[in-house]
Amino acid sequence: MLLHFTGCQKPCSKTILRDQLLKFISPLSTRARISMAKSKKKAETVFLVCEETGHYNYTIRRKPGGEKLRLRKYNPHVRKHTWHLEKKK
């Protein structure tokens, strides 16, 4: 992608490649983006299990780590909202 400098007094015909511009403006952010790309966590499938009945009612995808989810969701077997806890199968 080519970028064109604007804001000059007269029209400027110089174009700079996007990568060169990023290196000129902030070399640390470019390095940070490269290191972040290597350490991406993949989302995993997690089940929400009803605490009252033990039924696996919902599945969600989320990144690993952090606390276990505990949500109040609708349970069609009991026909009311109950607490659901995150569980891996």
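A polar contact is a pair of N or O atoms within 3.5 Å; within protein, one atom must be able to donate a hydrogen and the other to accept it, and residues adjacent in sequence count only if both atoms are side-chain atoms. The model is predicted: local features need pLDDT of at least 70, side-chain atom pairs count only at pLDDT 80 or more, and totals for chains, interfaces and linings use all residues. Residues are numbered from 1 along each chain as its sequence is written, and side-chain values use heavy atoms, with hydrogens and water left out.

Start with strand 3, residues 44-50. Strands (E, at least two residues) are DSSP runs, numbered from the N terminus.

Strand 3 pairs with strand 4 (residues 56-62) in the antiparallel sense, over 6 bridges. To pair, two strands need at least two bridges found by DSSP. T45 has R61 of strand 4 as its bridge partner. The hairpin of these strands has 5 residues between them, and G54 there takes a positive phi near 85 degrees.

Strand 3 also pairs with strand 6, again in the antiparallel sense, over 4 bridges. Here F47 stands opposite K87.

Now to E86. E86 lies in strand 6, residues 80-87. Is E86 buried or exposed? E86 counts as buried because its relative accessibility is 9%. Its side chain makes a polar contact with the side chain of R62, at 2.4 Å. Beyond four places in sequence, E86 touches (heavy atoms within 4.5 Å) several residues, including V46, F47, L48 and R62.

Methods: Buried < 20%, exposed > 50% of the residue type's maximum accessible area, 1.4 Å probe, protein only.
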